[in-house]
Amino acid sequence: MTCWYASCVATRSPIARPTDHSTDTQTRAKAVDAASASALDALDPSDPSEQAGGFDLIDLHPSPADLRAIAVEGLSAEPKSLPAALLYDAQGSALFESICDLPEYYLTRTEVGILRANLPEIAERIGPGALVFEPGCGSGVKTRLLLETLDRPAGFVPIEISRSALLGACAELARAVPGVEILPVCADYHRPIPEPSPEVDPEQRVVFFPGSTVGNAPPDEARVLLERLAELVGPGGWMLVGVDLRKDPELLEAAYDDAQGVTARFTLNVLERLNREADADFDLDAFGHEAVWRDGPGWVELGAVSLFDQTVSVAGQRFAFARGEKLHTEVSAKYTLDGFAELAAPVASVAGVWTDAQARFSVQLLRVAG
């Protein structure tokens, strides 16, 4: 679902994203990123390092003022939208970890099974001495499997918007793989970040991007995303990417709208967060969760839906919601194997593909061109 790229030098300008207003759903998805861009550009990374939990943390977490600006910009857009990064405060991150254990949410257990079965081969292809970057590290379970299998990893750079989730994952990894240097970055990975320097010079560089997070952007933005990841590792570098595959729409919609309502609580938590941190007065009982498969663009579209006509205050501004109006929070795009290879082709070639027996999910190793 979820959802820290660039060559990771703070002074480098962000790469411009292409725009496409051909469909309403594409407009909704693109508005998510636009909602946060100007506010996050105002962050000052001139001296972002600090000691946190024993780690030398680079902390670019948005301030409350930034969050209010992001929320106001997104709610002022047409259609209304919020960036998916806002879903991942401490409570949201915990809810997402619960989602990963749900019976309907096949993605996590399927990907973990693929990794357990194939990581020795993948690690051999990557080679020794790899510096591993992971945008959106979550609980770090898959990362631990990778770091334990790689030959003499040079270090690990987790990049995560939730500070508590980031430091918790780092603490767990430090216990699990004590010989690996951990260099955490707290930031929205859609924006440029400064890159930490490991003590050991890496022989390889690899971005680990599991969980089908690449699907949390429309295809044209996903390609820009891959370009930024490619800059992280450089020509000849590696990207190990989890890619969810197209399948029965009923299975897809169930994965994002579970019977226990955990995903609904995850979506509505962003409204609760705005109440706490952006002087908002959302009534959580006045909104529902919606997850709908859109066959044309090939993604599940998620958001909070107003249950009746209402007006909400956020950061001193009023926003009217019509009954049935959707506040878009994210998409989850699905690919065919050929479709993803075509998407990645301008950036990297597919060096290996591993799937489960039912071909529901894939782990793909990409080699950056050059």
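Where is aspartate 248 found? Aspartate 248 sits in the loop between strand 7 (238-244) and helix 8 (249-255); helices (H or I, at least four residues) and strands (E, at least two) are DSSP runs, numbered from the N terminus.

## Basis of the model

This is a predicted model, in which local features need pLDDT of at least 70 and side-chain atom pairs count only at pLDDT 80 or more, while totals for chains, interfaces and linings use all residues. Residues are numbered from 1 along each chain as its sequence is written, and side-chain values use heavy atoms, with hydrogens and water left out.

## A negative patch

Asp248, Glu250, Glu253 and Asp257 form a negative surface patch. Patches are made of residues with over 30% relative accessible area and no salt bridge, like charges being joined within 9 Å and nonpolar side chains (Val, Leu, Ile, Met, Phe, Trp, Tyr) within 5 Å. Asp and Glu count as negative and Lys and Arg as positive, whereas His and the chain ends are not counted. The place of a charge is taken as NZ of Lys, CZ of Arg, CG of Asp or CD of Glu.

Aspartate 248 has a relative accessible area of 45% and is partly exposed. Buried means under 20% relative accessible area, exposed over 50%, and partly exposed in between (1.4 Å probe, protein chains only). The areas come from the Shrake-Rupley method.

In one of them, arginine 152 meets glutamate 203 at 3.4 Å, N to O. This pair links distant parts of the chain, 51 residues apart: arginine 152 is in the loop between helix 5 (141-149) and strand 4 (155-160), and glutamate 203 in the loop between strand 5 (185-186) and strand 6 (204-209). Glutamate 203 is partly exposed, at 49%.

Aspartate 281 and arginine 318 form another salt bridge, with their closest N and O atoms 3.7 Å apart. Aspartate 281 lies in the loop between helix 9 (262-277) and strand 8 (287-294) and arginine 318 in strand 11 (residues 317-321), so the pair ties together parts 37 residues apart in sequence. Arginine 318 is exposed, at 54%.

## A salt-bridge network

Glutamate 290 forms a salt bridge with lysine 326, the closest N and O atoms being 3.3 Å apart. The two residues, 36 apart, link strand 8 and strand 12 (residues 326-333). Lysine 326 is buried at 9% relative accessibility, whereas glutamate 290 is partly exposed at 28%. Both belong to a network of salt bridges that also includes Arg294 and Glu301.

Conventions:
Accessible areas come from the Shrake-Rupley method with a 1.4 Å probe; for residues, only the protein chains shown count as cover. A salt bridge is a side-chain nitrogen of Lys or Arg within 4 Å of a carboxyl oxygen of Asp or Glu.
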